Every structure is written in structure tokens, then in C-alpha cells.
Amino acid sequence: MPKTYKILIISLLSLMTVYVIGTKLAAYFVDSGYNKVAQKPPYRTTAQVRALYYNLPFVADLHSDVLLWNRNIEKRHKYGHEDIPRMIDANLALQAFTIVSKTPKNMNFDHNDDKTDNITALMFATGRPPSTWFSLKERALEQCSELYQYARVSKGRLRVITNQSELKRYIKDRSVNPNQTAGFLGVEGMQVLEGDINNVQAMFDAGIRMMAPTHFFDNKLGGSAHGINKGGLTPFGAEVIKKMESMHMIVDLAHASPALIDDVLDIATRPLLVSHTGVKGTCNNVRNLSDEHLKRIAAGGGIVGIAVFEQAVCGTDAASTAQAIKYASDLIGYEHVALGSDFDGAIQAHFDVTGFPLIVQELLKLGFNEKEIAAIMGGNVRDFLLKNLPE
Ligand SMILES: [Zn+2]
């Protein structure tokens, strides 16, 4: 082999080695830097709380962005908000794994456009396939296949749920062996469709069962609560909602502009949910739900997941999340209230997933009984999915 080829090959191999090592380091630093907790584990609760919490038959969380960071969730981590070992420790039966595809630079709560993107660099830096560097659709499909890969190697500790019969089987299996957890896939912002209605089917085929029209910026479907125009549903958006309903995919109204929420509620024929939110009644800002929207979502058989970070509940502890749960329960009934933590969504959470008993402790203080707590902590999500997933 000529010397120049040898030098070229050695240089390429060295570059690739540096890239691979760099991706591991970048994944660690970005992930641990963005997903902090206000209180570190372990968490202290009373014996009564622990007895109640760890005997809950079905704890569920409607929102986690953990797939974004290329964290190996098979392993236990000292940073971030969850992984399979911590989910099992936390008696978490079901996690919605929600996919982020694009976020604007200088992201803020009330004025973002779609001209810039943080996720391109993240995909490159965390060693994702080149297809994900340029395509929002590919970013979604890659994160789906990563979840299936975790499930495959988990030796039965994690499974992916896509329909009612899988969920029923899982509930039965877990009643015998609680040493397992499960997830279902969602999307934050349907820019992943890349403007093509046929990609609703592509998302469904990849395992996705829940999608939110918008995330941090207005897109082809309509307005974001954090966008520039904050408009309602476009004709394309209406077409997508109709298609999703026909396939029994769940529409998530998190991050939607108020006009978009109204428009979706006007045309929806199936129950809707809000995967991670707060309520204006305890924390009045653009990302949280008004009383009127809470009432309309509940009237249609929907549920709302209350989150665990400051901008959602105006506080940095479990009591603030419990207050928002109480407000929503008093207004629309506890049967419509759930958890939607937003774990690993570039937030500072009150605690990691093993801190969920702290919420139960606060709910007991607020006068909730065991039946209500079981419903809010996951029973409502289980029942919603048993009704609304494809059969
Ligand atoms: Zn979000």
C-alpha cells in the first residue's frame, strides 16, 4: 500500500476514534448539565407514605424526554431524572417517552421562531446516525428505534406498549412480577411530519401513539404557546388530527397556543390529553392551562399530566406539584388528573423518578384519599390508554 494511503487511513481511523470518544463525553456533559434536580436522592418519606406508594398497582408518567440525550437507560446513573433501574426502584409501571426533534436557540417561553435549532448539534455530538443530522423525521424514527433496542436488551425489564391488548397483558404480568417497567412513544411537535400527511403512518409504524401538534415554535399545523403568531389550527393541522383520530393515535395539547387548543377541541371526536403542564390557577403563565381549557378537556373524557418543574407549578418542591393537582382535581375531578413530569426535558426537576412518593406525601396532607391518589398517580392514565389506544 502506498505510504500516502496508509497515512490517510490512519488519520481517518484516528479521527473516528476521537469522534466516538467525543460523543460519549459530549453526551455526558450536555445531559448532566441540562437535566438537574432540586433535591438529590434518597428521599425521606413516612412509613405510611411508603406503604401506600409502593403498593400502588399502576404508577404512570405522561412525559419524559430521556431518549433525546443518548443516555444508556439500561444502566443506573447518578445524573438526570431516570433510567430503567431507577424506574423499577420507583415502582413506575409506565412512562411516556416523548420525542424532541427541534428546539430554537435562546429558547424562551413567549417568543420563538423556527429559524435556529439546537438539536442538529446535539444529534451530531451524541453520535447519532448522519440521517438524523439533517431530518426531523429521522430524528424521531431514530429515538423510537433506540427505545425498542433498550427493550430488546433489557431481559424483560422494559417493554414498549402500542395497543390495548399489550397493555392488558403487561398489567397481568406485572401483577406477578413487579420487577419490570414499560413505555409508550410520543412526539413533541409534529414538525417531524416534515409537512407530509403520509408521515403520520410512518410515525405510527415506528411505534408512536401520541403526538402534540406544536412544541416551542409555530409550525405547519398551527401555533405554539411559545411561538410568534400563536395561531389556531391550519387546514393541514386539521387534516392531521382527523388522520390521527382514525388511527387511534392520541392528540397531546401540551405547548399548544390557546387558539390551537380551542380549534382542536372544536373538531376532536376522541378524548385528548395534555402530557405535561401546570394550571394558571396556581401558576399563571403562557405554558399553563386556563380553567376553561381544563374544563373542556375533562368534558371530552381527557386527562392532564401535572409537571414537576418551576415554570409549570411555580415552585421547586413536591408541594407545588401537589397544589396544582389539587387545583385541577377540585375544578374538573381527580379522574382527569395525572402526572406528566417532563423528566429529562432540559428542566430542573424537584427530584428524580425515585422521588414520586414525595408527591403522595403532599397529596395526603391536602386531604386526598387512597383511591384518589391511586387514580392520580397512574390509574387514570392506565384507564385512559385501555380505552383510547388501538385495540
Ligand atoms: Zn415539553
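Tutor: Two residues are in contact if their C-beta atoms, placed from the backbone, lie within 7 Å. The model is predicted: local features need pLDDT of at least 70, side-chain atom pairs count only at pLDDT 80 or more, and totals for chains, interfaces and linings use all residues. Residue numbers start from 1 along each chain as its sequence is written.

Student: In what order do the three strands of the open sheet lie?

Tutor: Helices (H or I, at least four residues) and strands (E, at least two) are DSSP runs, numbered from the N terminus. Two strands pair if DSSP finds at least two bridges between them. Here the pairing is parallel, and the order is β8-β9-β10.

Student: Which strands are at the edges?

Tutor: An edge strand here pairs on one side only. That holds for residues 273–277 and for residues 337–339. The edge strands are therefore β8 and β10.

Student: How many bridges join β8 and β9?

Tutor: Strand β9 covers residues 303–306. Across the pair, Leu273 stands opposite Ile303 of β9. β8 and β9 run in the parallel sense, and the bridges number three.

Student: At what angle does helix α15 run to β10?

Tutor: α15 covers residues 370–388 and lies across β8, β9 and β10. Axes are lines fitted to C-alpha atoms, for helices over the stretch in contact, with angles from 0 to 180 degrees between N-to-C directions. α15 runs to β10 at about 105°.

Student: How far apart are the end C-alpha atoms of α15?

Tutor: α15 has 19 residues, so at 1.5 Å a residue it should span 27 Å (1.5 Å times one less than the number of residues). The value in the model agrees with that: 25 Å.

Student: Where is the kink in α15 centred?

Tutor: The bend at a residue is the angle between axes fitted to the seven residues ending there and the seven starting there. In α15 the kink is about 60°.

Student: How are α2 and α14 oriented to each other?

Tutor: Helix α2 (47–54) packs on helix α14 (356–365) at about 115°, axes 9 Å apart. Contacts include Val49 and Tyr53 of α2, and Phe356 and Leu364 of α14. Angles under 35 degrees count as roughly parallel, over 145 as roughly antiparallel, 65 to 115 as roughly perpendicular and the rest as oblique. So α2 and α14 are roughly perpendicular.

Student: What is the orientation of α13 and α14?

Tutor: Helix α13 (318–332) and α14 cross at roughly 55°, with axes coming within 8 Å. Ala318, Ala322 and Ile325 of α13 are among the contact residues, as are Leu358 and Leu363 of α14. α13 and α14 are therefore oblique.
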